[in-house]
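Work through the exercises below with the sequence and the coordinates at hand. Each task is followed by a worked solution.

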Amino acid sequence: MSVKRFGVSLDEELLEALDSYVSDNRFANRSQAIRHLIEKNLVEEKWKCDNIVAGAITLVFSHQKNDILKRSSEIQYKYRDVILSSQGFYLNEQNYLEIIAVKGPSHKLTEVSEKLISIKGIQHGKLVMSKAQ
């Protein structure tokens, strides 16, 4: 893939915001940050259009509450057509991290993630989606 160069004019505030974004996210340069933002926008547009996307659902919860893992498994079974795999990690004596790989229509991934994240006792949950094609 060839790279094309072009000029961009930005007001000073927006340029400062871009430079902060580059620094905060440790991009090598502005071009890399702009590419990332454009790609992110394209993925989000696919998400809105209900295209086939891939992603991960992350859940953090106390592993001492066995019913959470059981409930998570039950929901995953109901959505087995979009669940690729899941893996769990003990973070410490208290917390457990479950990562669930998913692929399917964005509305269905959003639906399953909302059901998983809303399980009573989930401390943190997030769905991250990316283009699948």
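The exercises treat a helix and then a hairpin.

This is a predicted model, in which local features need pLDDT of at least 70 and side-chain atom pairs pLDDT 80 or more, while totals for chains, interfaces and linings use all residues. Residues are numbered from 1 along each chain as its sequence is written, and side-chain values use heavy atoms, without hydrogens and water.

**Exercise 1.** Which residues of H3 are buried, and what do they pack against?

Solution. Buried means under 20% relative accessible area, exposed over 50%, and partly exposed in between (1.4 Å probe, protein chains only). Ile68, Ser72, Ile75 and Gln76 are buried. They lie on the same side of H3, because their arc (taken from the directions from the helix axis to the C-beta atoms) is only 100°. On the other side, Asn66, Asp67, Lys70, Tyr77 and Lys78 are exposed. The buried residues pack (heavy atoms within 4.5 Å) against strands S1, S2, S3 and S4 and helix H4.

**Exercise 2.** In which sense do S2 and S3 pair?

Solution. Two strands pair if DSSP finds at least two bridges between them. S2 (residues 83-90) and S3 (residues 95-105) have seven bridges and are antiparallel. Ser85 is opposite Ala101 in S3. Four residues separate the two strands of this hairpin.
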